[in-house]
Amino acid sequence: MTKCPRCFVTLTQDRYAWVPLAPDAPEVDEVASAYHGSPVKSGKVIELVRPADAADDWAPPAFYGERQTGGDVAEVCPVCHYRLPAGWRGAQTTCVALAGARATGKTVYIAVLVKTLQLLGERLNRVAEPATTETELNYLEHYERPLYEERGILESTPAAHTGNPYQREPLIFSLGVWNEARQYLVIRDVAGEDLENANNVNAASMQFFGHADGVVFMFDPLKVESVRHQLHDLVPAQERVGGDPRSVLRTVLSIIGTGTPHLAVVLSKFDALQALAHVDGSDWSEVMSHRGAGFSRDPSLRAGPYDEQDGRLVHEEVRSLLEKLEARTMVMAVEQPHTGVQLSSRYFAVSALGESPVGDRLHQNGISPFRCLDPVRWVLAQRGVWA
Ligand SMILES: Nc1nc2c(ncn2[C@@H]2O[C@H](COP(=O)(O)OP(=O)(O)O)[C@@H](O)[C@H]2O)c(=O)[nH]1
Ligand SMILES: [Mg+2]
Ligand SMILES: [Zn+2]
């Protein structure tokens with residue numbers, strides 16, 4: 001099954017659309033603009049709907065778009081008018097959407113996730129590489145370079161209606177051939193502001209959450225007062241931005257509506273909780289220094305298939321951690337959603353950096369990711385990819 005990389009809607013054999021590659025007078029495309037979140041210009045979109053009496057093996061007549069426009073065309077998604085990468089319809093896609101309040105670590109997570117995905121790919125004898133030039137440049141400029149080269153920390157992702165909107169573009173990675181099909185992983189970042197604003201529930205540009213295969217919802221433990229308090233001397237203070245995770249989760253679940261993505265609830269910046277092991281005499285130190293715990297080790301780069309048993313163990317552990325973090329209302333929101341739609345969900349713990357940054361610079365030990373692959377491998381495994 002193939003989905004559009006932007007709106008995540010499944011591409012069916014019933015609807016097609018094209019745009020001229022070199023339009024004479026590009027105009028604002030209202031549909032594309034609504035799904036993108038800011039004005040998009042293009043030539044006139046040519047649409048084709050399967051006739052009601054068409055045979056089962058109906059396909060668009062050859063060069064239909066070219067003949068309609070009198071020039072070269074590119075195929076676009078019939079729903080959101082996103083220009084589909086070459087050969088897209090013949091491939092299979094796994095679409096993952098990041099969610100969470102501002103500064104929960106989504107963008108840093110994506111930067112590191114791609115690196116660890118490539119490491120695992122090497123072990124599985126598979127590639128994990130940008131599928132388009134746009135993705136390559138976007139990843140390099142907005143994710144990889146700020147984190148790995150400048151060793152700084154990424155700027156907070158701008159909201160969809162402000163400046164440089166790199167997070168409106170999907171990141172598309174080729175995962176090679178698996179199950180006799182070309183596989184792509186599409187990752188969509190999001191600006192936390194857009195999810196902290198409950199008015200966005202019906203925005204076209206947010207509807208991809210409902211169509212995703214996986215939604216990775218991040219929860220920042222440093223937002224929890226008692227954790228921050230105990231970490232006082234151990235972990236450099238982070239800026240106190242970002243909304244209430246519970247209301248963000250509520251908004252995300254509302255956007256998902258009747259959709260059925262797998263929901264990964266991820267405790268981010270797990271290094272901060274691990275640091276609590278060193279707080280003598282605190283009740284946290286006992287919990288966090290438990291050597292036998294699944295969250296004390298990271299088997300995620302083993303070349304084997306996704307480890308379901310390990311996943312369940314960590315799921316239970318993180319679930320009780322969340323309750324300890326006074327996040328019981330979040331657990332309830334996940335397990336008894338107000339929308340009435342019970343999603344397949346699992347809890348995870350990740351640290352993208354492995355250690356807390358000092359001010360706006362990375363820790364001198366650099367980056368040592370912890371369990372970053374787990375949520376995405378779980379989603380991929382549900383689709384039988386790299387499983
Ligand atoms: N301790 C720790 N801090 C992190 C980690 N990942 C991100 N951060 C911090 O959280 C801040 C926000 O990260 P970012 O990815 O921009 O958050 P976003 O707004 O959710 O995209 C960064 O500036 C880092 O200081 C992590 O794994 N550990
Ligand atoms: Mg961000
Ligand atoms: Zn689309």
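A salt bridge here is a side-chain nitrogen of Lys or Arg within 4 Å of a carboxyl oxygen of Asp or Glu. By that rule, Arg89 and Glu75 are joined through their side chains, with N and O 2.6 Å apart. This is a predicted model, where local features need pLDDT of at least 70, side-chain atom pairs count only at pLDDT 80 or more, and totals for chains, interfaces and linings use all residues. Side-chain values use heavy atoms, with hydrogens and water left out, residues are numbered from 1 along each chain as its sequence is written, and chains are lettered from A and ligands numbered from 1 in the order in which they are written.

**Zinc site**

- Cys4, Cys7, Cys77 and Cys80 coordinate the zinc ion (ligand 3) through their SG atoms at 2.3 Å; donors are N, O and S atoms within 2.8 Å of the metal (3.2 Å for Na, K and Ca), and sites may look incomplete because water is not among the atoms.
- The angles subtended by the four donor atoms run from 102 to 116°, so the arrangement is tetrahedral (for four donors, all angles between 85 and 135 degrees).
- Along the chain, the donors of the zinc ion (ligand 3) are spaced as C-x2-C-x69-C-x2-C.
- Cys7, in the segment before strand E1 (15–20), and Cys77, in the loop between strand E5 (73–76) and strand E6 (92–100), link distant parts of the chain, 70 residues apart; strands (E, at least two residues) and helices (H or I, at least four) are DSSP runs, numbered from the N terminus.
- Both Cys7 and Cys77 are buried, meaning under 20% relative accessible area, with exposed over 50% and partly exposed in between (1.4 Å probe, protein chains only).

- Glu75 is partly exposed, at 24% relative accessibility.

**Arg319 and its two partners**

- Arg319 pairs with Glu323 in a salt bridge whose closest N and O atoms are 3.9 Å apart.
- Both residues belong to helix H11 (residues 308–324), four residues apart, or about one turn of the helix.
- Arg319 also meets Glu335 in a salt bridge, at 2.8 Å from N to O.
- Glu335 is in helix H12 (residues 328–335) and Arg319 in helix H11, so this pair ties together parts 16 residues apart in sequence.
- Partly exposed describes Arg319 at 24%, Glu323 at 27% and Glu335 at 23%.

**The wider tally**

- The whole structure holds 15 salt bridges.
- One network of salt bridges links Arg297, Asp310, Arg371 and Asp374.

Conventions: Tetrahedral: all angles 85-135°; square planar, octahedral: opposite > 155°, others 65-115°.
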